Amino acid sequence: MRLAPILCLSLAAPIAFASPGPRIVEHDVQVRLDPYRSRLEATDRFTIVGYQQSLLRFLLNEDLEIASLRIEGRDLRWREEAFDRAHWVDLPAGEGGAFEGVREVLVNLPAGGEDSLDLVIAYAGTVLYSLRGPDQSYDRSFETTSGLVEERGVYLAGSTFWVPTVPGDLFSFRLEARVPPGWESVSQGELVGRFEEGGYRIARWRAADPMEEAYCVAGPYVFREADFKNIKIQTFLYESNDAAELHERYVGAARTFLDRYGREIGPYPFPKFALVENFWQTGFGMPSFTLLGTQVIRLPFIPGTSFGHEILHNWWGNGVYVDWEKGNWCEGLTAYGADYAYKTDQGPREGAAYRRGELQKYRNFVSGSEDFPLVEFRS
Ligand SMILES: [Zn+2]
């Protein structure tokens with residue numbers, strides 16, 4: 001693994017462009033995950049608004065077979081088409097695999113004067129994409145995937161298209177995830193229920209704020225919880241001799257950063273912050289949680305540096321979103337408020353040395369023809 005000083009990749013999907021037609025504003029998803037068969041079974045009651053056109057077009061992973069689609073118990077007809085960029089306004093070029101394995105679903109909606117409609121869709125299938133190497137052009141250090149359900153863990157994100165998706169729509173959601181006993185699942189927002197029933201471990205999550213995508217990460221985790229003021233601090237760690245100590249170390253660091261940035265910027269925007277261990281090496285920041293690889297999490301400098309950087313992303317990038325058309329401003333501001341700030345805490349000399357080092361890296365990495373303005377920085 002190549003270690004960058006900033007172990008960070010903002011994971012917001014590069015698909016935040018509005019499309020005409022009905023918008024999906026809310027999901028209520030129940031998902032059952034079978035990691036031993038790489039299988040996902042889901043029911044989603046989703047709410048749409050603005051359906052004057054009477055045709056709803058959304059994206060869903062092509063390996064997820066639709067069993068039914070209903071409004072108020074009545075079956076709806078749907079048809080499926082291959083994904084076509086031309087159907088979506090201003091869809092950016094995207095990165096490799098950004099629209100991997102996705103198809104379009106078209107539904108004729110009943111005429112009616114209501115403002116919103118609830119549709120219920122049931123679907124199931126296999127989700128198992130491989131890990132992709134880092135994109136060298138942006139000096140990324142981590143592998144990523146469009147999504148996977150396997151024995152080592154589950155990773156579902158916007159790029160998986162595991163819930164009906166209209167690119168660019170922001171939505172709130174509820175998620176009830178069923179995983180095998182001994183496993184735990186985590187998503188954005190607040191943990192509102194956690195129990196065992198019918199041979200499954202069940203977690204209920206509520207993301208009340210508008211989200212760009214819905215995450216579901218699961219694995220054979222031990223769940224621990226602490227708090228800072230009214231914010232829950234949760235850890236989802238694999239069983240190991242040092243897990244309890246890791247929990248304590250990261251809870252202490254989380255309290256420090258939540259306190260610092262709460263005072264510097266304003267209230268932390270979510271009900272919880274979670275540290276989630278990952279079986280492949282990552283340093284990803286999502287709204288209200290961070291996904292750190294097993295080796296990354298044990299590097300001694302992470303709790304005082306990169307971890308704070310990821311927490312700060314809850315304000316910049318995962319709280320206030322980036323409009324990708326105008327360039328990714330959040331990385332620079334987060335590095336300023338975290339990496340640079342931690343150095344200036346040590347003294348002006350350290351702050352100056354950090355800045356000099358960053359400028360040297362820029363000079364080494366960028367030659368004249370490779371340079372580009374912020375507006376073209378979209379990952
Ligand atoms: Zn970052």
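User: Buried means under 20% relative accessible area, exposed over 50%, and partly exposed in between, with a 1.4 Å probe and protein chains only. So is Tyr268 buried or exposed?

Analyst: Tyr268 is buried, as is Trp315. This is a predicted model, in which local features need pLDDT of at least 70 and side-chain atom pairs count only at pLDDT 80 or more, while totals for chains, interfaces and linings use all residues. Residues are numbered from 1 along each chain as its sequence is written, and side-chain values use heavy atoms, leaving out hydrogens and water.

User: How many aromatic pairs are there?

Analyst: The whole structure has 22. Rings of Phe, Tyr and Trp (its six-membered ring) pair if their centres lie within 6.5 Å; planes under 30 degrees apart are stacked, over 60 edge-to-face, the rest tilted.

User: Why is the pair of Tyr268 and Trp315 edge-to-face?

Analyst: Their planes are at 70 degrees, so the pair counts as edge-to-face, with ring centres 5.5 Å apart. The two residues are 47 residues apart in the chain, with Tyr268 in the loop between α1 (243-264) and β19 (272-278) and Trp315 in the loop between α2 (306-312) and α3 (330-346). Helices (H or I, at least four residues) and strands (E, at least two) are DSSP runs, numbered from the N terminus.

User: Switching to α1, what do its buried residues pack against?

Analyst: They pack against β17 (221-228), β18 (231-238), β19, β21 (289-293), α2 and α3, where contact means heavy atoms within 4.5 Å. Phe257 and Tyr261 are among the buried residues of α1.
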